[in-house]
Amino acid sequence: MAKLRSCLATLGKPKEGERKAMDQQAAFEKFRETAAEVLQVDASRVTPEARFAEDLDADSLDLVELVMALEEAFDISVDESELDGVETVQQAFDLVASKL
């Protein structure tokens, strides 16, 4: 009976790897919504391979505003030196995700 209860208790609960994938997916969706709002673009344009300047028409002021909005949305802090070389949405999301 205890074994059955144990099995039933785990039904519907995601395994660790599944939970992490869902967390990453939810985090990316939050990232996408924040970026779309700040950069005033359709969320469908905020894809992992999208480049901020070339694909999303973001200038340096837009990017400063985006970093501030992401820091607030995710309750993180991003040092300016960490932004060197970040050109794509995926690179920026990886930086944010590393702080979660």
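Is R32 buried or exposed? In this predicted model, R32 has a relative accessibility of 18% and therefore counts as buried, the cut-off being under 20%. This arginine lies in helix α2. Leaving aside residues up to four places away in sequence, R32 touches A43, S44 and V46.

**Overall fold**

The chain contains 5 helices and 0 strands, which gives the pattern α-α-α-α-α when read along the sequence. It has 100 residues, and 30% of them count as buried. Among contacts with a separation of 6 or more, 52% are between residues 24 or more positions apart.

**Aromatic pairs**

A pair of aromatic rings is described by the distance of the centres and the angle of the planes. The structure holds 3 such pairs.

| Pair | Distance between ring centres | Angle between planes | Arrangement |
|---|---|---|---|
| F28 and F31 | 6.2 Å | 15° | stacked |
| F28 and F93 | 5.2 Å | 85° | edge-to-face |

The F28 and F31 pair counts as stacked because its planes are under 30 degrees apart. F28 and F31 both belong to helix α2, which spans residues 16-39, and because they are 3 residues apart they are separated by about one helical turn. F28 is buried, with a relative accessible area of 12%. F31 is also buried, at 0% relative accessibility.

The rings of F28 and F93 are edge-to-face, because the angle of 85° is over the 60 degrees required. This pair links distant parts of the chain: F28 is in helix α2, F93 is in helix α5 (residues 89-97), and the two are 65 residues apart. Both F28 and F93 are buried. Together, F28, F31 and F93 form one aromatic cluster.

Another ring, that of F74, has a charged neighbour. K30 lies over the face of F74, at 4.9 Å from the ring centre.

In soluble globular proteins, nonpolar side chains tend to be buried together. Here the largest nonpolar core has 25 residues, of which F31, L39, F52, L56, L66, F74 and V89 touch the most other members. Helices α2, α3 (52-56), α4 (60-74) and α5 each supply at least two residues of this core. Its largest share, 7 residues, comes from α2.

Not counting residues up to four places away in sequence, F52 touches L39, D57, A58, L63, L66, V86, E87, T88, V89 and A92.

**Largest pocket**

Which residues lie nearest the centre of the largest pocket? They are L63, V64, V67, L83 and V86, out of a lining of 17 residues. The volume of this pocket is about 370 Å³. Helices α3, α4 and α5 are the elements that give two or more residues to its lining, and α4 gives the most, with 6 residues. L63 and V86, which are among the residues nearest the pocket centre, are also among those that F52 touches.

How values were computed
Residues numbered from 1 in each chain as written. Predicted model: local features only at pLDDT ≥ 70, side-chain atom pairs only at ≥ 80, totals over all residues. Heavy atoms only, no water. Phe/Tyr/Trp six-rings, centres within 6.5 Å; stacked < 30°, edge-to-face > 60°. Helix = DSSP H or I, 4+ residues; strand = E, 2+ residues; numbered from the N terminus. Buried < 20%, exposed > 50% of the residue type's maximum accessible area, 1.4 Å probe, protein only. Lys NZ or Arg CZ within 6 Å of the ring centre and 35° of its normal. Contact = heavy atoms within 4.5 Å. Core = buried A, V, L, I, M, F, W, Y, C linked by side-chain atoms within 4.5 Å. 1 Å grid on protein atoms, 1.4 Å probe; cavity = no way out; pocket = protein on both sides within 12 Å on 5 of 7 lines; lining within 4 Å. Points joined across faces, edges and corners; volume = space filled by probe spheres on them.
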